[in-house]
Amino acid sequence: MESINAKYVSQKISKSRWRPVSHSSLQQADIFATGSWDNEDNKISFWSIGSHGSSGVEDGFEGDPQLLCEHKHDGDVLDLQFLDQDRIVTASSTGAVTIFRHHQNSQTISVSQQWARAHRYPSDNAPCTGVVCSSPEIVTVGEDGRIIVFRADQEGVIRVIDNADSSTIHAVTYLRTTEILTVNSIGQLKLWDLRQQSNSPSQILSLSGDRVPLHCVDRHPNQQHIVATGGQDGMLCVWDVRQGSTPFSLMEAHSAEMWEVHFHPTNPDHLFTCSEDGSLLHWETSSQSDIPSFLQGGRNSSMTSRSAMAPAGGNQSLINAWLSGDSSKGRLETTHMLPSQTLSVNSLDVLGQCLVCGTDGEAIFVNRQVPV
């Protein structure tokens, strides 16, 4: 826990994202962006945990996030994604989609492009709830049930799927280069093939029984058929989109809404979730015969998953650990990442050994020694 730095920022943080680092370099994550919500004046901010501003800071210490620059943001920041190293895209409660550019030499931020009222109802704005980027392409979703495709190098809209959903779409992610996944407020996971002109999903998966709203989705970085979702009931669901239309595993994760779920981008045996209940959990799959040394001792919590259904046939050891529940071949362990429960943890991001999360307690937490 000593490796966690807390920064109190006088604003509720809705989103936090690391700036990507180039794969060719051994550079550590050192700059992240945050967006705020539910404040009189919302803003996007860039922060550094490197040496950019730590010298001569009286109340700070090494590793304490230092504000580099900030810019006013109209409406709540409902999502935020890096398009590349210099640009971020925000989704606003006003329905706008905005590209901001971070000028690293002058440490300033400017608006490089905006699509105002991209998401809207006939007589009012509709919040834009999610954005995903694959430069130069940008895909957004909203409360209006629309999916919109933009390109950062074009002013117009590339494509609109108008009635993609009759309910609120809460989040979107890429499954493959031309396919996206959306989750909605009635517990459905929909696959969309953007090569098709059809305005219908190519596949629909759903939670059986109660239509529990799903809030977040992430794809396994190496095995693209494996997807994790979280929703209003705090359950972590793992899906195999190749087979069946219901989740493969259901795990009791949080006691309130799960806001975000992220596989570690380069070590997907590790997964992270955060919740309205004020907790941030680190999940890891480990073979019982081969537990890494950092797992032996020092854990303040551990729980085991319950698999919703046993894998059908086949050699279990060949099935990804996320799909095998608590079989004898593998298990899931969880650790609480924050020293104490706080107000809602709204957002998290992990890159290398660095993790950042933002809360309604007006605090940003940074951990630079995540054991992955």
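Okay, let's start with the chain as a whole: of its 372 residues, 54% count as buried, where buried means under 20% relative accessible area, exposed over 50%, and partly exposed in between, with a 1.4 Å probe and protein chains only. Before I go on, this is a predicted model, so local features need pLDDT of at least 70, side-chain atom pairs count only at pLDDT 80 or more, and totals for chains, interfaces and linings use all residues. Residues are numbered from 1 along each chain as its sequence is written, and side-chain values use heavy atoms, with hydrogens and water left out.

On secondary structure, the chain has 0 helices and 28 strands; these are DSSP runs, H or I of at least four residues for helices and E of at least two for strands, numbered from the N terminus. Take contacts between residues at least 6 apart in sequence: 53% of them join residues at least 24 apart, a contact being heavy atoms within 4.5 Å. The accessible surface comes to about 15,900 Å², and 43% of that belongs to carbon and sulfur atoms; that's Shrake-Rupley with a 1.4 Å probe, and for residues only the protein chains shown count as cover.

Now the cores. By nonpolar core I mean a set of buried Ala, Val, Leu, Ile, Met, Phe, Trp, Tyr and Cys residues joined through side-chain atoms within 4.5 Å. The largest one has 17 residues, and Leu236, Val261, Leu271, Trp283 and Trp322 have the most contacts inside it. Strand 19 (226-231), strand 20 (235-240), strand 22 (258-263) and strand 24 (280-286) each give two or more residues to this core, with strand 22 giving the most, 3 residues. Looking beyond four places in sequence, Val261 touches a whole list of residues, including Cys216, Ala228, Leu236, Leu271 and Phe272. There's also a second, separate core of 15 residues, and among them are Val183, Leu205, Val217 and Val241.

On to the aromatics. How many aromatic pairs does a search of the whole structure find? It finds 4. Rings of Phe, Tyr and Trp (its six-membered ring) pair if their centres lie within 6.5 Å; planes under 30 degrees apart are stacked, over 60 edge-to-face, and the rest tilted. Trp18 and Phe32 have ring centres 5.3 Å apart and planes at 75°, so that pair is edge-to-face. Trp18 is in strand 2 (residues 13-18) and Phe32 in strand 3 (residues 31-36), 14 residues apart. Phe32 also pairs with Trp47, this time stacked, at 6.3 Å centre to centre and 15° between the planes. Trp47 belongs to strand 4 (residues 42-48), 15 residues from Phe32. Ring pairs therefore link Trp18, Phe32 and Trp47 into a cluster. Phe32 is buried at a relative accessible area of 0%, and Trp47 is buried at 4%.

Asp165 is in the loop between strand 13 (157-161) and strand 14 (169-176). Is Asp165 buried or exposed? Buried, with a relative accessible area of 6%. Its side chain makes a polar contact with the side chain of Lys190 at 3.3 Å; a polar contact is a pair of N or O atoms within 3.5 Å, and within protein one must be able to donate a hydrogen and the other to accept it, while residues adjacent in sequence count only if both atoms are side-chain atoms.

Then there's Gly130, in strand 10 (residues 128-134), buried at 0% relative accessible area. Gly130 and Leu80 are 50 residues apart in sequence, but 7.9 Å apart in space, C-alpha to C-alpha.
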